[in-house]
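The following exercises concern the structure shown below. Each task is followed by a solution in steps.

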Amino acid sequence: GPHSFTGEDCAELHVHGGPAVVSGVLRDLGRLPGLRPAEPGEFTRRAFAHGKLDLTAAEGLRDLIGAETEAQRRQALRQMEGDLGQLYQRWSHTLTQALAHLEAYIDFSEDDNVEEEVLAQGEDLLSPCHVCPGMTSGCVPTVDVTVRALEQEIQGHLRDGRRGELLRGGVRAVIAGAPNVGKSSLLNLLCRRPAAIVSPTAGTTRDVLEVALDIGGYPLVLSDTAGLREATDPVEREGVTRARARLCQADLVLAVLDATLVSPTPVALGAALAALEPPPDTPCVLVLNKADLLGGHGGSPSATCAQGPPATLLSCGGSLSATCAQGPPATLLSCKTGEGLESLLELLAQQLAQLCGNPLLGSPSLTQSRHSRHLGVCAAALARFRDSRDSGDLAVAAEQLRVARRELGRITGHVGAEDVLDIIFRDFCVGK
C-alpha cells in the first residue's frame with residue numbers, strides 16, 4: 001500500500017492447476033489465524049474506503065465484470081477509470097465554491113467588506129474581484145452566473161435519451177405483428193436456435209419469450225410476443241394483453257408484416273404499422289417477411305421510402321435510417337431461406353448505435369437510475385436557488401446549494417463540510 005488495488009498491503013497468489021489444487025490452497029489458508037474469505041465486494045469496498053475508487057468507479061467495475069458486449073465493456077471501462085466521477089466532482093467543486101462565496105457574504109459582508117458583486121447576476125462568467133485587493137480582476141465567478149450555467153449543464157446531462165442506461169441494461173426490442181406473420185421464426189433466425197415454437201396454426205405464441213443478443217457489439221433484449229388481434233380464446237386474449245403491455249415498454253419495435261399481404265407503398269405500409277399501435281416516438285423497423293413467396297415482384301421497400309412516407313407512418317416511430325429519411329426503415333426478409341438477414345442486422349446495428357451512442361465519444365453518459373434520481377433532486381434545488389435569490393432570501397438560497405451539493409456527493413460517495421470552510425478562508429482571506 002498505498003499502490004495496491006485496495007490501498008492496503010496485500011499479496012496475490014497465482015495458483016496453477018485444477019480445482020483440487022485451488023481447494024487445497026484455500027483449505028491451508030483457512031487454517032491461518034485471523035484469515036477469512038472476503039465478503040462479496042469487500043475488496044472493492046475497501047478500495048472505496050481508502051479513496052482508491054469513488055462510487056461511480058466501483059459501479060463501473062461491477063459493470064465491467066458483467067459486460068457481455070464490446071460497447072458495454074467500453075462504457076464500463078470508461079466509468080471505472082473515473083470519467084463520470086470526475087465530471088460529478090467538477091460540478092461538486094463548482095457548487096462548493098459558489099456556496100462558500102454565498103456563505104462568506106452572509107457571514108462576513110459587514111465586517112470584512114465582502115461585496116454584493118460576488119453574488120450579482122451578469123452575462124460575464126467572471127466578475128471583478130472586490131474581495132482581496134491583491135488578487136487580479138476576474139478571479140471570482142459570480143454565484144448567480146455559476147449556478148445558472150451549472151443548472152443548464154446538469155439538465156443537458158439528464159437529457160441524454162437514457163443512452164448509458166440502455167447500453168448497460170440492453171435495449172428492449174419487441175417483435176410485434178399479426179398472427180402467423182413469422183414473429184417466432186424471426187426470433188429463431190436472429191438467435192440462431194429454435195428458441196420459440198413455430199407452427200402454421202395462428203395464435204401459437206401465448207406468453208412473452210425473451211432472448212439476449214449481441215448485435216454489432218450492442219446488447220439487445222429481444223421479446224417475441226403473441227399475435228395482435230381481437231382474440232376470443234381467453235388464454236390467447238391474455239397473451240395479447242401481455243404483448244400490448246410489453247410493446248408499451250419497448251425501446252425499439254420490430255414490426256413484422258406479411259410481404260404477400262401488404263402493398264409496398266407508403267400508404268399501405270403506414271396503415272399496417274398504425275394497426276399495431278406502437279408507442280409514440282419509439283423507433284420502429286419494418287420487417288416485410290415471407291419475401292421468398294413474392295417471386296421477385298414484391299417491390300422494394302427502399303424505393304417505397306424514397307417516395308415519402310405518409311403522416312400515419314410518420315407518427316408511429318422516429319426516423320433513424322438514411323434510406324427512409326422521415327419514417328421507419330424497412331427491409332425485405334425471408335425467415336425460411338435467411339435472405340435479407342444481413343440487411344436486417346445492419347439496420348438493427350444502426351438503430352442500436354443511435355439509441356446507445358458511442359460510449360467513447362463526448363461526455364460520459366448516465367448509467368444508473370440512482371444517478372438520474374440524485375441529479376434530478378440537484379437540478380430542482382438549483383431551480384429553487386434562483387427563486388430564493390429573486391426573493392432576496394440568501395439563507396434559503398444557501399440551503400438549496402447545500403442540498404444540491406449533498407445530492408452530487410451521494411452519487412460519488414463524497415459528502416463533507418470542510419471543503420466549504422477551506423474555500424471561504426482561501427478565497428476571501430477572512431480571519432487573517
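**Exercise 1.** Among contacts in the protein between residues at least 6 apart in sequence, what percentage join residues at least 24 apart?

*Solution.* The model is a predicted one. Consider the contacts between residues at least 6 apart in sequence; of these, 69% join residues at least 24 apart. For context, the protein has 432 residues, of which 46% count as buried. Its secondary structure consists of 16 helices and 6 strands.

**Exercise 2.** Determine how helices α6 and α14 are oriented towards each other, and describe their contact.

*Solution.* 
Step 1. Two packed helices are described by the angle between their axes and the distance between the axes.
Step 2. Helix α6 spans residues 143–158 and helix α14 spans residues 369–391; their axes come within 10 Å and cross at roughly 150°.
Step 3. Angles over 145 degrees count as roughly antiparallel, and α6 and α14 are therefore roughly antiparallel to each other.
Step 4. The crossing in which α6 passes α14 is left-handed.
Step 5. Residues of α6 in the contact include Val143, Leu150 and Ile154, while those of α14 include Leu375, Ala379 and Phe385.
Step 6. Sorted by class, this contact of α6 with α14 has 11 nonpolar, 4 polar and 4 charged residues.

**Exercise 3.** Carry out the analysis for α14 and α15.

*Solution.* 
Step 1. Helix α15 covers residues 394–412, and its axis comes within 8 Å of that of α14, crossing at roughly 165°.
Step 2. This angle makes α14 roughly antiparallel to α15.
Step 3. Where α14 passes α15, the crossing is left-handed.
Step 4. Among the residues that meet are His374, Val377 and Ala381 in α14, and Leu401, Ala404 and Leu408 in α15.
Step 5. The contact of α14 with α15 divides into 14 nonpolar, 4 polar and 5 charged residues.

**Exercise 4.** Locate Leu360 and state why Leu360 is classed as buried, partly exposed or exposed.

*Solution.* 
Step 1. Leu360 is found in the loop between α13 (341–356) and α14.
Step 2. Buried means under 20% relative accessible area and exposed means over 50%. Leu360 has 48% relative accessibility and therefore counts as partly exposed.
Step 3. Leaving aside neighbours within four places in sequence, Leu360 is in contact with Arg74 and Arg78.
Step 4. Leu360 and Ala71 are 289 residues apart in sequence, yet their C-alpha atoms are 9.0 Å apart in space.

Terms used:
Residues are numbered from 1 along each chain as its sequence is written. This is a predicted model: local features need pLDDT of at least 70, side-chain atom pairs count only at pLDDT 80 or more; totals for chains, interfaces and linings use all residues. Side-chain values use heavy atoms; hydrogens and water are left out. Axes are lines fitted to C-alpha atoms, for helices over the stretch in contact, and angles run from 0 to 180 degrees between N-to-C directions. Helices (H or I, at least four residues) and strands (E, at least two) are DSSP runs, numbered from the N terminus. Angles under 35 degrees count as roughly parallel, over 145 as roughly antiparallel, 65 to 115 as roughly perpendicular and the rest as oblique. A crossing is left-handed if the near helix is turned anticlockwise from the far one by less than a right angle, and right-handed if clockwise. Contact means heavy atoms within 4.5 Å. Ala, Val, Leu, Ile, Met, Phe, Trp, Tyr, Cys and Pro count as nonpolar, Asp, Glu, Lys and Arg as charged, and the others, Gly among them, as polar. Buried means under 20% relative accessible area, exposed over 50%, partly exposed in between (1.4 Å probe, protein chains only).
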